[in-house]
Number of protein chains: 2
Amino acid sequence: MSLQFKDEITLWLKNLQHSICSQLEQEDGKSYFSTDAWDRSEGGGGVTRIIQDGNVFEKGGVAFSAVHGKTPDFLMNEKEHSVPGDKPNDSTFFATGVSIVIHPANPFVPIIHMNIRYFEMNNGVRWLGGGIDLTPHYINIDDASFFHHSIKKVCDEHHKDYYPKFKKWADDYFFINHRNETRGIGGIFFDRLTAKDDTDFLKLVDFWKSVGETFAPTYLQLVRKNKHTDFTKEHKNWQLLRRGRYVEFNLVYDKGTKFGLETNGRIESILMSLPQFASWQYNYQAKQNSLEEQTLQLLKKDINFLKF
Amino acid sequence: MSLQFKDEITLWLKNLQHSICSQLEQEDGKSYFSTDAWDRSEGGGGVTRIIQDGNVFEKGGVAFSAVHGKTPDFLMNEKEHSVPGDKPNDSTFFATGVSIVIHPANPFVPIIHMNIRYFEMNNGVRWLGGGIDLTPHYINIDDASFFHHSIKKVCDEHHKDYYPKFKKWADDYFFINHRNETRGIGGIFFDRLTAKDDTDFLKLVDFWKSVGETFAPTYLQLVRKNKHTDFTKEHKNWQLLRRGRYVEFNLVYDKGTKFGLETNGRIESILMSLPQFASWQYNYQAKQNSLEEQTLQLLKKDINFLKF
């Protein structure tokens, strides 16, 4: 099924990118996504779409890529990628995906990240990865509950184990170890999902697609609810500090970013996740019982946001 | 000489910190350094001094630390640290140093970094490390030349090989690989300088001290020359973008930062190097023949700034 499937999944991802950009533009009402198409000298390329200085979105990227070529050595060295009889020199790979990070202007609208990716090798190895997670500058418990319920619904339609398993994975993955805090309220994260036969793999693909499809309706509901909330200079200051943490996570821990930086990837597309403005303040201390302190208390692993 | 030397060097570093902070405060004329003393549960501690929102200095840190305890395993595993017959469990270390990063308000005043550090183990291993490097938002060739001549003078007073050797080391170290550009115009960098006998080691100490002592007069000359230069919103925007690069270097490459993040160091002191405000803009392109483009053309390794 491989060649046909590659084409189908690539087309589906391109359409998803287009659809998400259109919906975000409509919501923004001012700025449009620019289109930056690029080629990879070793094979393939991508289209990075960027929105900046909008009414609602200060900076956001929706990136599509589909790259292929000789399998990098570090991937060949992984046990799960090598099958008996492989000749490393003949090994080729294909990888495609859509990645999104949106930094809104209003501190009461959350930052969001979504990524879905597909990888295959000519030896039959294939897998799916992805996730969606929310980083509110201020955690509103109703919004957090809505977000997790929405994600759980998508998961439950495919397998009852998905939400608890992938929710924990997100808590563990989106963790800023040196700050001992989560990046936000998490969501789901999964990597290297695979199945032996095509029927089961296509079931995984259905789940994976539904993660991509839930991005726009879920996020836009949170955007619409909060985009007109009044904010002060102090709220904006806190937003910039939280974006500083986002930068710390992405540059220090994020595997996709590290992979891109180490493999001479397309740097602007990799770092599109960074905000237009961010701030660091020495030893910031939130005031007692402030909204900021309430948020810090919720930046922990293993909080069940469904119970609220 | 060890115990006596440790005490002497610690006192000398504390005095250096005090002297540098006083001189910077006097230059700033508005803000004063706050004092944040901290203890390390495994032994030792430090004093982090921070200036914020000054007339001249937007955010700066001058940190002193002196820590000791059981040698971490990863240091014991290094060949140069283990001597025959060592019992790892009995190994202890002592490390002290002063680290400085200053982010000025005016885009025409350069960012500066200086660090000197001393390390010893109870098996007799001891070394000195350090460096000073300049990151102008806009590279002024006269200032760059002045800076390198000043540093060369300090080096030449101790050994004619120091400047060329440590200048190259700085070019290689302060390099943002994923951007293919240097962090700034470099300076000098050296690590693990040691000598077999005390006389030679004390000569290294003399050089090392003179690096610390040259910080204030060298930097303040550049500050005084440029702090009243008029700037526009565009200059400020460029400054924020260059600070974004500074964040990238420190979080992705800087060994001291990585070491601190991975060893549960005092996070606020480690990340004091990050600016109050920074910015990222997708695929920024400098205009032809602009000051920004001229600066980008000089962010390369192996430029001889002495020749200007």
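**How two copies meet**

Modeller: In this predicted model, chain B can be laid on chain A with an RMSD of 0.0 Å by a turn of 180° and a shift of 0.0 Å along the axis.

Biologist: What makes the two copies related as by a two-fold rotation axis?

Modeller: Two copies of a chain are related by a rotation about an axis and a shift along it. Here the turn is 180° and the shift is 0.0 Å, so the two copies are related as by a two-fold rotation axis.

Biologist: Which residue of chain B comes closest to the rotation axis?

Modeller: That is B:Ala278, with its C-alpha at 2.7 Å from the axis.

Biologist: How do you know that the same surface serves both copies?

Modeller: Of the contact residues of chain B, 100% recur in chain A. The contact itself involves 29 residues of chain B and 29 residues of chain A.

Biologist: Why is the pair of A:Arg179 and B:Glu268 called a salt bridge?

Modeller: The rule asks for a side-chain nitrogen of Lys or Arg within 4 Å of a carboxyl oxygen of Asp or Glu. The side chains of A:Arg179 and B:Glu268 meet at 3.0 Å, N to O, so by that cut-off the pair is a salt bridge. The count between chain B and chain A is 2 salt bridges, and there are 15 residue pairs in polar contact across the interface, both residues at pLDDT 80 or more.

Biologist: Which elements of chain B supply the side that touches chain A?

Modeller: β2 (44–52), α6 (233–252), α8 (267–270) and β10 (277–279) each supply at least two residues. The largest share, 5 residues, comes from α6(B). By type, that side of chain B divides into 15 nonpolar, 8 polar and 6 charged residues.

Biologist: What makes β10 of chain A and β10(B) a pair of strands?

Modeller: Pairing requires at least two bridges between the strands. β10 of chain A and β10(B) have 3 bridges, in the antiparallel sense, so they pass that test.

Biologist: Which residues does A:Glu293 contact beyond its neighbours within four places in sequence?

Modeller: Those are A:Ala286, A:Lys287 and A:Gln288.

Conventions. Residues numbered from 1 in each chain as written. Chains lettered and ligands numbered in written order. Predicted model: local features only at pLDDT ≥ 70, side-chain atom pairs only at ≥ 80, totals over all residues. Heavy atoms only, no water. Least-squares fit on C-alpha atoms with pLDDT ≥ 70 in both. Contact = heavy atoms within 4.5 Å. Polar contact = N/O pair within 3.5 Å; in protein donor to acceptor, adjacent residues only side chain to side chain. Helix = DSSP H or I, 4+ residues; strand = E, 2+ residues; numbered from the N terminus. Nonpolar A, V, L, I, M, F, W, Y, C, P; charged D, E, K, R; others polar.
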